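Student: I have a protein model open and need to get through it before class. Can we go over it together?
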Amino acid sequence: MKDQRISRALIIMVFGTFFGLLCSTLMNIALPTFMEVFKISAGRVQWVMNGYMLVNALMIPVSSYLIKRFSFRRLFIIFAGVFLVGTVFGALATNFSFLVCARMVQAIGAGMMMPLVNVLAIRYAVPGKKGRIMGVIGLAFNCAPILGPAVSGFLLNYLSWRYLFILIIPFAVLTLALSFFFLPYIPHNESPRFNVVGLILITVGLWSLLMGLSNVSNYQLASFNVAGYVAIGLVALGLYVINQRHSDHQLINFRIFRHKQFVLATVINMLITATMYGNAILIPLLVQIVLGKGTVTSAITVLPGAILTGLLSTTSGRFYDIYPIKWLVGAGLVIDIIGTTFQAVIGADSTILMITIFQTVRQFGLVTMLIPLQTQALSLLPNDIVPDAVATFNTLRQIAASFGTALIVAVVGIVNNLLHCQSSHLGIQTGFAFCLLLLLASLVLSRQLYHKIIHQK
């Protein structure tokens, strides 16, 4: 009976989380549309994505405290409601600032739903089946962000940008209703204290760093808008580390960093995630700006890879229970590197068919390793620090997504500025080359992964 209740809860929570993650990239192809509708610059329009991902990342450390303090049922219902409110506000937005604020409210809800799914799965999964369950969860975590641009590409060709929010509303309402009627009550007896100073410091640090990186292509490196923000961010993050080390109620339990396999799998996942989200921007730029094609064509180029990701997510989770993690991640990275190399070398000389094939190859490599990496990072830890580990893993994943995107867009912008061109194909190819470097670094690190450690509780 308990297994049925947990399984039902996971299905509902994965369903809701899928749409939260879909929203993380749903606006990618719409950036040129927002620039035209709201008469804003490319530097400002990035906050539709980066603001979402950063707030999402900042919410995740809070989840560690909340999961220890409150029941899964109450938390998921509340934050599914917050996500719905943000989605409705987005559909009603009358100016760009209102739109960005709505996206941030969405991110608050989605940022809490993600770790709830992971913690429930890791804590209550039957031993030997964690890989399979994490594979199912991978449908939401890894398929949704890739599917976002494909969905938005088709919608924008026929409907207003507001339907990017309107589309999500019925699914958010359904998630809330199912949660209210069917989620079981799983009590928690802990009463931890919340580190407000730590949250403020990490918020200021990450926000400032992202501001500085987002301004790289528009301002001088020595200017306050770049160097100043980066310096403020680094100081704030340094103070955050000091605060956490001397606090008896850490925002994140630093004990998780004593586990080498957690740290290693998380770092590799961050590097790969940065390339995945960066690629989600580079493909629309290449197809729509350099090649001059429409949003539907842009959607078609990423759709096969998104479908492949959905089909293979559960399979890759099962592979973790069978094959060594080093084999899975190594094979996935080699495949991903092959696809990215073709993107970096051929780039603007590609046909739409070639771009689609390269992107599909990349997605095949990604889906082979992302779920095993996530399972490796979380399933080998003592149960008492799993909530902290889940929060940290997902926070760093979202930080990698937002900072990776900012860095890759900055690289493209710097090359374009050097060439005095706003849509240079060399800028796009340099962005792909930067992704390739991150993947090569991941391949080197992956050699230190090892499998099936028995932890002590």
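Tutor: Let us start with a term: a disulfide is a covalent bond between the sulfur atoms of two cysteines. For the search, two cysteine sulfur atoms count as a disulfide if they lie within 2.5 Å. Keep in mind that this is a predicted model.

Student: OK, how many disulfides does a search of the whole structure find?
Tutor: The search finds zero disulfides.

Student: What about cysteine 23, is it buried or exposed?
Tutor: Cysteine 23 has 1% relative accessibility, so it counts as buried. Cysteine 435 is buried too, at 0% relative accessibility. The cut-off for buried is under 20% relative accessible area.

Student: How much of the protein chain is buried?
Tutor: Of the 457 residues in the chain, 59% are buried. The chain exposes about 17,800 Å², and carbon and sulfur atoms supply 69% of that area.

Student: Next topic. How many helices and strands are there?
Tutor: There are 17 helices and zero strands in the protein chain.

Student: What does helix H16 look like in numbers?
Tutor: Helix H16 covers residues 386-418, which is 33 residues. From its first C-alpha to its last it reaches 47 Å, close to the 48 Å expected at 1.5 Å a residue.

Student: And is H16 mostly covered or mostly open?
Tutor: Mostly covered: 28 of the 33 residues in H16 are buried.

Student: What span should H10 have?
Tutor: Helix H10 (residues 196-214) has 19 residues, so at 1.5 Å a residue it should span 27 Å. Its end C-alpha atoms are 27 Å apart, which agrees. Its buried residues include Gly198, Leu201, Ile202 and Gly205.

Student: Which helix do the buried residues of H11 pack against?
Tutor: They pack against H10. In H11, the buried residues include Val226, Gly228, Gly233 and Tyr240. Helix H11 runs over residues 224-245, and its 22 residues should span 32 Å at 1.5 Å a residue. The end C-alpha atoms of H11 are 30 Å apart, which agrees.

Student: Switching to rings. How many aromatic pairs are there?
Tutor: The structure holds 14 aromatic pairs. In one of them, the ring centres of phenylalanine 18 and phenylalanine 19 are 5.2 Å apart and the planes meet at 80°, so this pair is edge-to-face. Both phenylalanine 18 and phenylalanine 19 are buried.

Student: What kind of pair do phenylalanine 342 and phenylalanine 358 form?
Tutor: That aromatic pair is stacked, with 5.1 Å from centre to centre and 10° between the planes. Phenylalanine 342 is in helix H14 (residues 325-346) and phenylalanine 358 is in helix H15 (residues 352-379), so the pair ties together parts that are 16 residues apart in sequence.

Student: Are those two buried or exposed?
Tutor: Phenylalanine 342 is partly exposed, with a relative accessible area of 40%. Phenylalanine 358 is buried, at 10%.

Student: What does glutamine 343 touch?
Tutor: Leaving out residues up to four places away in sequence, glutamine 343 touches Asn279, Ile283, Phe358, Gln359, Arg362, Gln429 and Phe432. Glutamine 343 is in helix H14, and at 3% relative accessibility it counts as buried.

Student: Which residues form an aromatic cluster?
Tutor: Phe34, Phe38, Phe96, Trp161 and Phe165 form one cluster.

Student: And what sits over the ring of phenylalanine 180?
Tutor: The charged end of arginine 73 does, 5.7 Å from the ring centre.

Student: Last topic, glycines. Where is glycine 86?
Tutor: Glycine 86 is in helix H5 (residues 72-92), and it is buried with a relative accessible area of 0%. Apart from neighbours within four places in sequence, glycine 86 is in contact with Ala102, Val105 and Gln106.

Conventions. Residues are numbered from 1 along each chain as its sequence is written. This is a predicted model: local features need pLDDT of at least 70, side-chain atom pairs count only at pLDDT 80 or more; totals for chains, interfaces and linings use all residues. Side-chain values use heavy atoms; hydrogens and water are left out. Rings of Phe, Tyr and Trp (its six-membered ring) pair if their centres lie within 6.5 Å; planes under 30 degrees apart count as stacked, over 60 as edge-to-face and the rest as tilted. Buried means under 20% relative accessible area, exposed over 50%, partly exposed in between (1.4 Å probe, protein chains only). Helices (H or I, at least four residues) and strands (E, at least two) are DSSP runs, numbered from the N terminus. A charge sits over a ring if NZ of Lys or CZ of Arg is within 6 Å of the ring centre and within 35 degrees of the ring normal. The expected span of a helix is 1.5 Å times one less than its number of residues. Accessible areas come from the Shrake-Rupley method with a 1.4 Å probe; for residues, only the protein chains shown count as cover. Contact means heavy atoms within 4.5 Å.
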